[in-house]
Amino acid sequence: LAFYVSFNNVAAGELQGAWIAEHAPQGAQIAMINGAPTDHSAQLQQVGVMNRLRTLIEHGDLKLVYELFTPNWNSQLAASSVTQVLDTHSNNIQVICVANDDMASAVIAVLDGRGLGGRVLVTGQDATVDGVRNVLSGSQGMTVFKDPKEQARNAARVVGAFNRGEDVAVLANATEHTQTGAVVRAILATPVLVTRDNVKQVVLESGLITEAQMCAGAVSACP
């Protein structure tokens, strides 16, 4: 049995790209800090982002001035890369599309050090505690929530069906390619956009982060 249970990473990227398309000013200069070049999920996420931004970039509505696939999702490398981009463009960057919350936190620290915190649009993914705090404080515009409990439920459905001798193929909603190029059936759960408008509802309802954790460091944005 070969079956892949995960999240729709293209859709996660599309959430980031759509948010940028909605909030970026006309002619905004964008830097993209993608995930690891060896991580298939990072490649899929980048595809999703560009699904939403490519036409805007081709028409000149947005300008992609820098893009990096970051080895090992390394936050220090993300920070140094953004420092270089800001130096090269004299801080004239309006959007930094960051692949996950850990790297986004490092990027935000760079921006804060230049007095640009909250003035440059920053994205993230994973809805980590720090990512959620950044969204609440306004230093990060959005993140993407992937509920691990949903992934676990889907895995349990596959295992249960297999143990009962049922056709697990009917559970699939997608296919994925392995590193060897083989095609396997998959259940890909849908990621959720998280902004300051819904962060409390989405994150607290998941039970993965408490209100005390969420509001620490972002007290002014919490009840």
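Which strands does helix 4 lie across? I looked, and helix 4 lies across strand 2, strand 4 and strand 5, running at about 155° to strand 4.

**Ground rules.** I'm working on a predicted model, where local features need pLDDT of at least 70, side-chain atom pairs count only at pLDDT 80 or more, and totals for chains, interfaces and linings use all residues. Residues are numbered from 1 along each chain as its sequence is written, and side-chain values use heavy atoms, with hydrogens and water left out.

My helices (H or I, at least four residues) and strands (E, at least two) are DSSP runs, numbered from the N terminus. Axes are lines fitted to C-alpha atoms, for helices over the stretch in contact, and angles run from 0 to 180 degrees between N-to-C directions.

I found an open sheet of 4 strands in the order 3-2-4-5, with parallel pairing. Strand 3 (62–69) and strand 5 (121–122) are at the edges with a single partner strand each, so one side of each has no neighbour in the sheet. Two strands pair if DSSP finds at least two bridges between them; strand 4 (residues 95–98) and strand 5 are joined by 2 bridges. V95 stands opposite L121 in strand 5.

**Helices.** Helix 1 (residues 9–23) lies across strand 2 (28–34), strand 3, strand 4 and strand 5, at about 170° to strand 4. Next I checked helix 3 (residues 75–88) against helix 4 (residues 101–113): they pack at about 40°, with axes 8 Å apart. Residues in their contact (heavy atoms within 4.5 Å) include V82 and L86 of helix 3 and V107 and L111 of helix 4.
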